[in-house]
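Here are my notes on the model you sent over.

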Amino acid sequence: QVRLVESGGGLVQAGGSLRLSCAASGSIFSINTMNWYRQTPGKQRELVATITSGLSPYYADFVKGRFTISRDNAKNTVYLQMNSLKPEDTAVYFCAAWVVTTANADGRSYWGQGTLVTVSS
């Protein structure tokens, strides 16, 4: 019943910026944690950033100081502002969230389908 849809990916030159969005929809009671992951061919999916209510955001070392995660709880949306992009940032970026629904008070994880970010040199 819950769907996460990413948007905002595209082609950008090194040093440029992109802003990714992930909107959750469905029978949502609450979203505790929202995350951004990324994956390139032949590599494991890696965590980029996490935002949780009441806690400071987490960032992977390779994006710290360049990326900013934020959320709009009223819109059930998480954002990833990506600045000073590097070619090695090229990947499919996925959002994931731990969502509590009326059918599952404990919650479970949901994943989006991903959006492609390509950074040229």
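1. Some ground rules. This is a predicted model, where local features need pLDDT of at least 70 and side-chain atom pairs count only at pLDDT 80 or more, while totals for chains, interfaces and linings use all residues. Numbering starts from 1 along each chain as its sequence is written, and side-chain values use heavy atoms, with hydrogens and water left out.

2. On the overall fold, the chain has eleven strands and zero helices (DSSP runs numbered from the N terminus: strands are E, at least two residues; helices are H or I, at least four). The radius of gyration is 14 Å, close to the 14 Å from the globule rule for 121 residues, so the chain is as compact as a globular protein of that length. That radius is taken over C-alpha atoms, and the rule is 2.2 Å times the number of residues to the power 0.38. Along the principal axes, the C-alpha atoms fill a box of roughly 45 × 25 × 25 Å.

3. Of the 121 residues, 40% are buried (under 20% relative accessible area; exposed is over 50%, partly exposed in between, with a 1.4 Å probe and protein chains only). Among contacts with a separation of 6 or more, 55% come from residues 24 or more positions apart (contact means heavy atoms within 4.5 Å).

4. Have a look at strand β8 (residues 77-82). Five of its six residues are buried, so the strand is largely enclosed by the rest of the structure. Strand β3 (residues 18-25) pairs with β8 in the antiparallel sense over six bridges, and Leu18 has Met82 as its bridge partner there. Strand β7 (residues 67-72) also runs antiparallel to β8, joined by six bridges, with Arg71 opposite Val78. Pairing here takes at least two DSSP bridges between the strands. Four residues lie between the strands in the β7 and β8 hairpin, where Asn76 takes a positive phi near 50 degrees.

5. Which cysteines does the disulfide join? Cys22 and Cys95, with S to S at 1.8 Å (the cut-off is a pair of cysteine sulfur atoms within 2.5 Å). The two sit 73 residues apart, Cys22 in strand β3 and Cys95 in strand β9. The torsion about the S-S bond is about 45 degrees, so the disulfide is right-handed. Cys22 is buried at 0% relative accessibility, and Cys95 is buried at 0% too.

6. There is one aromatic pair. Tyr37 and Trp111 are tilted, 4.8 Å centre to centre with 45 degrees between the planes. For reference, rings of Phe, Tyr and Trp (its six-membered ring) pair if their centres lie within 6.5 Å; planes under 30 degrees apart are stacked, over 60 edge-to-face, and the rest tilted. Trp111 counts as partly exposed because its relative accessibility is 38%.

7. Last, Thr101, in the loop between β9 (91-100) and β10. Is Thr101 buried or exposed? At 12% relative accessibility, Thr101 counts as buried. Leaving aside residues up to four places away in sequence, Thr101 touches Val2, Ser27, Phe29 and Tyr110.
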